Amino acid sequence: MNPVEEVVIVGAGPVGFLAALGLARSGIPVTLLEAGAAIMESPRASIYFPTTVKVLDQLGVLDDALEIGLKNLFFSFRVLETGEVVMVDTTTSMPPDEPYPYNLHFGQHLLAAIVMKHLVRLPGARVLFNQKVVGLQQDASAVTLDVDAPEGRVQFRARWVVGTDGAGSTVRQLLGLPFEGHTWPDRFVATNVRYPFGDYGFAPANMVADPVNWAVVARLGRENLWRVTYGEDATLPEDEVQRRIPDHYRAILPSMDEGYEVIASSPYRVHERCVPDFRIGRVLLAGDAAHVCNPCGGMGLTSGVIDARALAQVLSAVMHGRAEESLLDFYSAERRRVYHEVTSPVATEFKRRLSEKDPVQREADARMFRAIVENPKAAPQSASLSAQIEGRPMPV
Ligand SMILES: Cc1cc2nc3c(=O)[nH]c(=O)nc-3n(C[C@H](O)[C@H](O)[C@H](O)COP(=O)(O)OP(=O)(O)OC[C@H]3O[C@@H](n4cnc5c(N)ncnc54)[C@H](O)[C@@H]3O)c2cc1C
């Protein structure tokens with residue numbers, strides 16, 4: 001058995017890395033265990049809203065993010081049937097003193113890599129790959145983790161454990177926590193493609209509304225690589241999903257003349273689920289391990305990043321003796337409230353707008369975006385959504 005650690009974080013995704021960096025910067029030794037041999041590189045989230053940019057700045061990694069990311073101010077709402085395009089300048093809904101008046105685009109694996117670079121420089125911080133957590137027991141003073149490592153089964157003992165091991169979280173399952181909510185009946189297909197969307201007037205972020213061929217089209221960063229995400233029948237076998245990609249592209253792409261190159265594709269099931277408690281004794285959960293939502297509004301990682309900041313704040317305050325352990329329950333209740341009252345409803349509304357079947361409602365959605373363009377002062381203020389996603393500040 002290794003000596004007792006202060007904090008072990010399970011899962012080196014962006015949320016685990018950011019929580020680890022927050023703790024390490026406050027002087028807490030932290031060990032991050034990752035099942036994979038390296039940072040997971042599969043194509044996933046790639047757009048960071050001002051709330052995330054703010055956290056990156058607070059943690060001292062924003063300069064690195066700005067060096068590789070694409071700054072974006074524009075978003076378009078497109079109605080596939082009529083060809084209508086409403087181009088929205090997102091700064092019109094921001095207050096004049098917004099310190100981060102842009103979104104940043106780059107892959108989440110790059111974010112994890114940036115944070116790791118900063119983390120491993122700090123005293124007491126380490127990242128261990130090929131360490132799969134398979135067992136968990138806790139008593140009044142510490143938590144014991146059973147871990148499958150290259151040398152065989154090993155154990156880690158830590159005063160506190162944080163589960164950031166993603167939607168299929170082993171830590172959540174070992175705690176016996178239910179993942180309450182529902183799974184959407186349709187399957188999503190995320191494809192990365194080279195195609196000149198910019199030449200056809202696409203913004204770096206676009207919603208294509210259609211009852212069948214809805215899509216989210218987003219540029220993945222500075223290079224001309226785009227993510228096209230669309231819906232597919234959940235009953236189809238995976239090879240059939242792959243075979244049908246050209247059919248969907250024919251419907252979604254503005255022209256097939258130039259051809260396109262699919263670089264990666266990944267079908268996945270989409271859920272709206274949350275645990276009843278983000279804390280069980282000495283174990284805390286954050287990010288996808290605690291809550292998941294459909295990706296249409298980019299809310300998943302956005303709220304996970306706020307979890308990471310909040311968790312680092314409260315756990316560090318408790319460990320430094322500046323707060324009672326009950327503060328951890330405040331973290332749990334508040335982040336759960338934000339999921340149920342903000343994150344999941346907002347994501348669900350984005351999904352509805354994309355695939356709205358009622359033409360009257362679809363027109364009302366387009367009218368709302370048109371109104372923002374015609375009268376920016378009347379636009380719903382993004383600052384208020386940001387404040388809602390951030391939730392109540394942790395009282396530390
Ligand atoms: C195909 C796809 C597309 C997506 N697109 C978007 C999008 O466009 N916008 C958006 O906002 N969100 C999107 N998401 C969701 C987004 O990727 C997640 O919200 C985000 O990854 C959550 O980060 P996380 O750090 O909580 O978990 P993860 O990134 O899932 O990281 C969890 C880590 O834990 C590790 N792990 C798992 N089990 C163990 C174990 N037992 N022991 C040790 N380590 C373990 C994993 O290997 C992984 O590295 C997408 C998801 C998928 C699958």
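Which residues make a nonpolar surface patch of about 290 Å²? Select Leu73, Phe74, Val85 and Met87, and you have the patch on screen. Keep in mind as you click around that this is a predicted model.

Valine 85 is partly exposed, with a relative accessible area of 39%.

**Next stop: the ligand**

Now select the ligand and the residues around it. The shell holds 29 residues, and the ones that come nearest are Val15, Glu34, Arg44, Gln108 and Asp288. Colour the shell by class and you'll get 13 nonpolar, 11 polar and 5 charged residues.

Then show the side chains and look at the polar atoms. An N or O atom in the side chain of arginine 44 sits 2.8 Å from an oxygen atom of the ligand. Glutamine 108 also points a side-chain N or O atom at a ligand oxygen, here at 2.9 Å. For a nitrogen atom of the ligand, go to threonine 170, where a polar side-chain atom lies 3.0 Å away.

How much of the ligand's accessible area does the protein cover? On its own the ligand has 990 Å², and the protein covers 86% of that. If you'd rather see the shell by secondary structure, colour helix 1 (14–25), strand 9 (132–138), strand 16 (261–274) and helix 8 (299–319): these are the elements that give two or more residues to it.

**A buried asparagine**

Jump to asparagine 206, in strand 13 (residues 205–209). Buried or exposed? Asparagine 206 counts as buried, at 2% relative accessibility.

**Salt bridges, one at a time**

There are 29 salt bridges in the whole structure, and the tour takes in a few of them.

Start with glutamate 81 and arginine 362, whose side chains meet in a salt bridge at 3.2 Å, N to O. What parts of the chain does this pair link? Glutamate 81 is in the loop between strand 5 (74–79) and strand 6, while arginine 362 is in helix 10 (residues 359–374), 281 residues apart. Glutamate 81 is exposed, with 61% relative accessible area, whereas arginine 362 counts as buried at 7%.

Next, select aspartate 307 and arginine 335. Their salt bridge has its closest N and O atoms 2.8 Å apart. Aspartate 307 lies in helix 8 and arginine 335 in helix 9 (residues 326–355), so the pair ties together parts that are 28 residues apart in sequence. Hide the surface for this one: aspartate 307 is buried, with a relative accessible area of 0%, and arginine 335 counts as buried too, at 2%.

Now move along helix 9 to glutamate 349 and arginine 352. This pair forms a salt bridge with the closest N and O atoms 2.9 Å apart. Both residues lie in helix 9, 3 residues apart, which is about one turn of the helix. Arginine 352 is partly exposed, with 24% relative accessible area, and glutamate 349 counts as partly exposed at 30%.

**A backbone detail**

Go to asparagine 130, in the loop between strand 8 (125–128) and strand 9. What is its phi? Asparagine 130 has a positive phi of about 60 degrees, although it is not a glycine. That's worth a click because most residues other than glycine have a negative phi. Asparagine 130 is partly exposed, with a relative accessible area of 35%.

**Last stop: a distance to draw**

Finish at glutamine 242, in helix 6 (residues 238–243). Glutamine 242 is partly exposed, at 31% relative accessible area. Draw a C-alpha to C-alpha line from glutamine 242 to valine 189: the two are 53 residues apart in sequence and 9.1 Å apart in space.

Definitions and conventions: Residues are numbered from 1 along each chain as its sequence is written. This is a predicted model: local features need pLDDT of at least 70, side-chain atom pairs count only at pLDDT 80 or more; totals for chains, interfaces and linings use all residues. Side-chain values use heavy atoms; hydrogens and water are left out. Patches are made of residues with over 30% relative accessible area and no salt bridge: like charges are joined within 9 Å, nonpolar side chains (Val, Leu, Ile, Met, Phe, Trp, Tyr) within 5 Å. Accessible areas come from the Shrake-Rupley method with a 1.4 Å probe; for residues, only the protein chains shown count as cover. A salt bridge is a side-chain nitrogen of Lys or Arg within 4 Å of a carboxyl oxygen of Asp or Glu. Buried means under 20% relative accessible area, exposed over 50%, partly exposed in between (1.4 Å probe, protein chains only). A residue is near a molecule or strand if one of its heavy atoms lies within 4 Å of it. A polar contact is a pair of N or O atoms within 3.5 Å; within protein, one must be able to donate a hydrogen and the other to accept it, and residues adjacent in sequence count only if both atoms are side-chain atoms. Helices (H or I, at least four residues) and strands (E, at least two) are DSSP runs, numbered from the N terminus. Ala, Val, Leu, Ile, Met, Phe, Trp, Tyr, Cys and Pro count as nonpolar, Asp, Glu, Lys and Arg as charged, and the others, Gly among them, as polar.
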